[in-house]
Amino acid sequence: YVYVRTGSAWTFQAFVKPPIYSLPIGPSPEECVAYGLSIGYHVALSSTGDTLAVGSTNENSCSSNASAAANDDACPNSGAAYVYVRASDGTWRYEEFIKAP
């Protein structure tokens with residue numbers, strides 16, 4: 001979940017979801033738990049607030065491609081990060097899937 005602060009008020013802006021595999025609209029928080037993805041335990045936000053990296057500690061693939069990672073469990077608990085970028089209209093879009101080399 002992404003919130004934006006204006007003055008002292010916080011407002012919901014987006015629910016960012018990884019481009020997960022067989023789920024057509026991305027997983028709900030419950031599905032992330034069911035799949036064991038551990039998404040969002042670690043996050044980083046750029047100093048401008050427009051780039052967000054979300055960690056997935058239990059991501060199991062050896063792939064550096066999120067689409068290919070769907071059917072790849074060859075590197076258990078190797079982890080990954082999903083990167084999102086905020087557009088000028090305030091919407092967030094998925095940008096990148098990052099794996100350690």
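Glu95 forms a salt bridge with Arg93, with 2.1 Å between the closest N and O atoms; a salt bridge is defined as a side-chain nitrogen of Lys or Arg within 4 Å of a carboxyl oxygen of Asp or Glu. The structure is a predicted model, in which local features need pLDDT of at least 70 and side-chain atom pairs count only at pLDDT 80 or more, whereas totals for chains, interfaces and linings use all residues. Residues are numbered from 1 along each chain as its sequence is written, and side-chain values use heavy atoms, with hydrogens and water left out.

Glu95 is partly exposed at 38% relative accessibility, and Arg93 is partly exposed at 45% (buried, under 20% relative accessible area; exposed, over 50%; partly exposed, in between; 1.4 Å probe, protein chains only). The salt-bridge count comes to three. In a further pair, the side chains of Arg86 and Asp50 meet at 3.0 Å, N to O. This pair links distant parts of the chain, 36 residues apart, with Arg86 in strand E5 and Asp50 in the loop between E3 and E4 (helices, H or I of at least four residues, and strands, E of at least two, are DSSP runs numbered from the N terminus). A salt bridge also joins the side chains of Glu59 and Lys99 at 2.7 Å, N to O. Glu59 lies in the loop between E4 and helix H2 (66-69) and Lys99 in the segment after E6, so this pair ties together parts that are 40 residues apart in sequence. Both Glu59 and Lys99 are buried.

The largest nonpolar core has 10 residues, among them Val2, Ala14, Val54, Ala80, Tyr82 and Phe97; such a core is a set of buried Ala, Val, Leu, Ile, Met, Phe, Trp, Tyr and Cys residues joined through side-chain atoms within 4.5 Å. Strands E4 (51-56), E5 (80-86) and E6 (92-98) each give two or more residues to this core, and the largest share, three residues, comes from E5. Ala80 touches residues including Val54, Glu59, Phe97 and Lys99, not counting residues up to four places away in sequence (contact, heavy atoms within 4.5 Å). With the same exclusion, Gly40 touches Val54 and Gly55. Gly40 is located in strand E3 (residues 39-45).

Strands E1 (residues 2-6) and E2 (residues 9-14) pair in the antiparallel sense over five bridges, where pairing requires at least two DSSP bridges between the strands. The bridge partner of Val2 in E2 is Ala14. Two residues separate the strands of this hairpin, in which Gly7 takes a positive phi near 65°.
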